[in-house]
Amino acid sequence: MYTGLKSIKTFIFMVALGAIPYICQGADLPDRISLNSLVKNYDGVEFNHAEHIRLLKDCAGCHHHTTGNLVEDANCVRCHQNSSGTKVVACRGCHSAQPFSAEALKEKRANLKLYHQDKPGLKGAYHLNCMGCHEKMGGPTGCRDCHRMNRTGEALYNSGSFAPKKTGKVAKEH
């Protein structure tokens, strides 16, 4: 009887293990990630990685083919049909924080046949990926839902302590 119980436990464990994305099995994944490489007008975002893994159950939803999943998109297959997973799956590994810097533009000019000429910068990649999913799943979509504006942002957008003072005067219409 003990052997049968052990077999059932092993079976349940194997099924549960199969529900975890392959890349996540045995991996040392961070529970939280600080997304702060783009801070200028807003504070960084504390990304709850563990919660997103629990909700999505598929690393490739965010990390494209870098997680070792087979490449299926016809445009990607042209060059990446034999691509394997990479050790770095961070967005910044492929998406530049400064996509219009002299260095980034020089790199694009060096290979004009490169398919990824229109690859979004890091901020665009975050927003395209995050906002699309948040809209579908009912997550936060407002700027300040995820980002707290800092003093530089308040000054730029005339908000917070930099907001124009109300004078109480009403402008006359002509």
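This is a predicted model: local features need pLDDT of at least 70, side-chain atom pairs count only at pLDDT 80 or more; totals for chains, interfaces and linings use all residues.

**Stop 1**

Select strand S2 and look at its two sides: Val-45 and Phe-47 make up the covered face, while Glu-46 and Asn-48 sit on the uncovered one. Strands here are DSSP runs of E with at least two residues, helices are runs of H or I with at least four residues, and both are numbered from the N terminus.

Residues are numbered from 1 along each chain as its sequence is written, and side-chain values use heavy atoms, with hydrogens and water left out.

S1 and S2 pair in the antiparallel sense, over four bridges; two strands count as paired if DSSP finds at least two bridges between them. Which residue of S2 is the bridge partner of Ile-33? Click on Phe-47.

**Stop 1: the salt bridges**

How many salt bridges does a search of the whole structure find? Two. The rule is a side-chain nitrogen of Lys or Arg within 4 Å of a carboxyl oxygen of Asp or Glu.

For one of them, select Arg-148 and Asp-43, whose side chains meet at 2.9 Å, N to O. Arg-148 is in the loop between helix H7 (143-146) and helix H8 (151-156), and Asp-43 is in the loop between strand S1 (32-35) and strand S2 (45-48), so this pair ties together parts that are 105 residues apart in sequence. Arg-148 is exposed at 62% relative accessibility, whereas Asp-43 is partly exposed at 23%. For these words, buried means under 20% relative accessible area, exposed means over 50%, and partly exposed is in between (1.4 Å probe, protein chains only).

Next, select Glu-51 and Arg-54, which form a salt bridge at 2.6 Å, N to O. Both belong to helix H2 (residues 49-56), three residues apart, so about one helical turn separates them. Glu-51 is partly exposed at 30%, and Arg-54 is partly exposed too, at 48%.

**Stop 3**

Jump to Glu-154, in helix H8. Is Glu-154 buried or exposed? Buried, and yet without a salt bridge: the nearest side chain of opposite charge belongs to Arg-151, 4.9 Å away. For charge, Lys and Arg count as positive and Asp and Glu as negative, with His and the chain ends not counted. Show the surroundings of Glu-154 and you'll find that it touches Met-149, Ser-159, Gly-160, Ser-161 and Phe-162, leaving aside residues up to four places away in sequence. A contact means heavy atoms within 4.5 Å.

Slide along to Asn-158, in the segment after H8. Asn-158 is partly exposed at 46%, and its phi is near 50 degrees, a positive value in a residue other than glycine. Beyond four places in sequence, Asn-158 touches Ala-163 and Pro-164.

**Stop 2: an alanine in H5**

Select Ala-104, in helix H5 (residues 102-110). Ala-104 is buried, with 14% relative accessible area, and touches Ser-96, Gln-98 and Pro-99, again not counting residues up to four places away.

**Stop 3: the cysteines**

Select the cysteines. Cys-62 is partly exposed at 29%. The sulfur of Cys-91 has its closest cysteine sulfur in Cys-130, 7.2 Å away, which is too far for a bond. Cys-91 is partly exposed as well, at 26%.

**Last stop: color by confidence**

Finally, color the chain by pLDDT, the predictor's confidence in each residue, from 0 to 100. The chain's mean is 76, and 72% of its residues reach 70 or more. Where is confidence lowest and where is it highest? Helix H1 (residues 2-19) is lowest, at a mean of 43, and H8 is highest, at 91. Now select residues 5-23: pLDDT stays under 50 there, and the model has seven contacts beyond four places in sequence for this stretch.

Notes: A disulfide is a pair of cysteine sulfur atoms within 2.5 Å.
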